[in-house]
Amino acid sequence: MINSIKTKSYTKYICLVLIMTLIMGLTACGKKKDDGPVEKISVIGDVNETTLKLNANGSVIEIACEDFAHTEAAIDTSTLEEFIKSEIDKYNAEAGGNKITFLEYQNDDNFVRTAIQYIDIDTYNSFNLMELAMSEFNKEAADKIVEDEQASLTDAAKSIDMEEMSEEEKAELEEELAGAGYNLEDIESGLLDETASEGDADELVATFTDASTGSVVKSDEITDSSYMMIITDEPMNYYINGGKIVYYNKNCELVNETTVKVSGEGKAVIVYTFNF
């Protein structure tokens, strides 16, 4: 009888231990593991050159990179972040809404990187006093750049005295002419003047490099209505966020399928598309 009582008591004890263990296990599962503060994802990342990110919704993010450590003028960067924020606040107040958003600021031994988002390209232009043009691909606008370059070369040719130019100046001119498909002999022979007077519209069309094949195409061969383009002479990298570069003109350098570098030496035309 006594053994029977002991066995029942022992069984109840084991059951109680199992129940408590189960309860503790469930409680532990319900608790959120404390891994400390959540690390914020950097918008800037490893970008070290000024880059303009073009977004599918029309907004743009500029990651501006400035090396103040190697400038001739001594610049105090200790208050730069607050200055930028105050300028953005001032602009938004005057615009009557949050057109510009300050995203991130990094200062590494006076190498300053700042990420700022603009609601659209017009706001970016207004705040930075620039004239970037963003639109659907426009053949006429691209061709107009070539026409303007031709007119500029023609005007310059009229005032060039080849005999007075140094060899260095001739080399620089040769390089400039080559970009437009001409050479020094064309100036001496008067070919530039003849081309301008003829006004041959078929010759004055924009040409692009196909980003995927490297082949050359003319503006009238670009017919996809989904393509966008940006015209700019501002030197920086242009990154298509969620898309790719399709074509680019001679004033661009292809970095990879999503990015081109613009030198600022002439009007750059970048044709791109988003991965909808």
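This is a dialogue about reading a predicted model of a protein.

Biologist: How many helices and strands does the protein have?

Modeller: Helices (H or I, at least four residues) and strands (E, at least two) are DSSP runs, numbered from the N terminus. Here the protein has seven helices and 13 strands.

Biologist: What percentage of the residues count as buried?

Modeller: A residue is buried under 20% relative accessible area, exposed over 50%, and partly exposed in between, with a 1.4 Å probe and protein chains only. Of the 276 residues, 33% count as buried.

Biologist: Which residues have the most contacts inside the largest nonpolar core?

Modeller: In soluble globular proteins, nonpolar side chains tend to be buried together. A nonpolar core is a set of buried Ala, Val, Leu, Ile, Met, Phe, Trp, Tyr and Cys residues joined through side-chain atoms within 4.5 Å. The largest one in this model has 25 residues, and L52, Y124, Y238 and I270 have the most contacts inside it. Several elements supply at least two residues each, including strand 1 (51–54), helix 3 (121–128) and strand 13 (268–274), and strand 13 gives the most, with four residues. Apart from this core lies another, of 14 residues, with A142, I145, V217 and V269 among them.

Biologist: Is V217 buried or exposed, and which residues does V217 touch?

Modeller: V217, which is found in strand 7 (residues 216–218), is buried, because its relative accessible area is 11%. Contact means heavy atoms within 4.5 Å, and, not counting residues up to four places away in sequence, V217 touches A206, T207, F208, I222 and Y247.

Biologist: In what order do the strands of the six-stranded open sheet lie?

Modeller: Strands of a sheet pair through backbone hydrogen bonds, either parallel or antiparallel. Two strands count as paired if DSSP finds at least two bridges between them. In this sheet the order is 5-8-13-10-6-7, with antiparallel pairing, and strand 5 (133–136) and strand 7 are the edge strands, each pairing on one side only. Strand 6 (residues 207–210) and strand 10, for example, pair over two bridges, and T209 has Y248 in strand 10 as its bridge partner.

Key: Residues numbered from 1 in each chain as written. Predicted model: local features only at pLDDT ≥ 70, side-chain atom pairs only at ≥ 80, totals over all residues. Heavy atoms only, no water.
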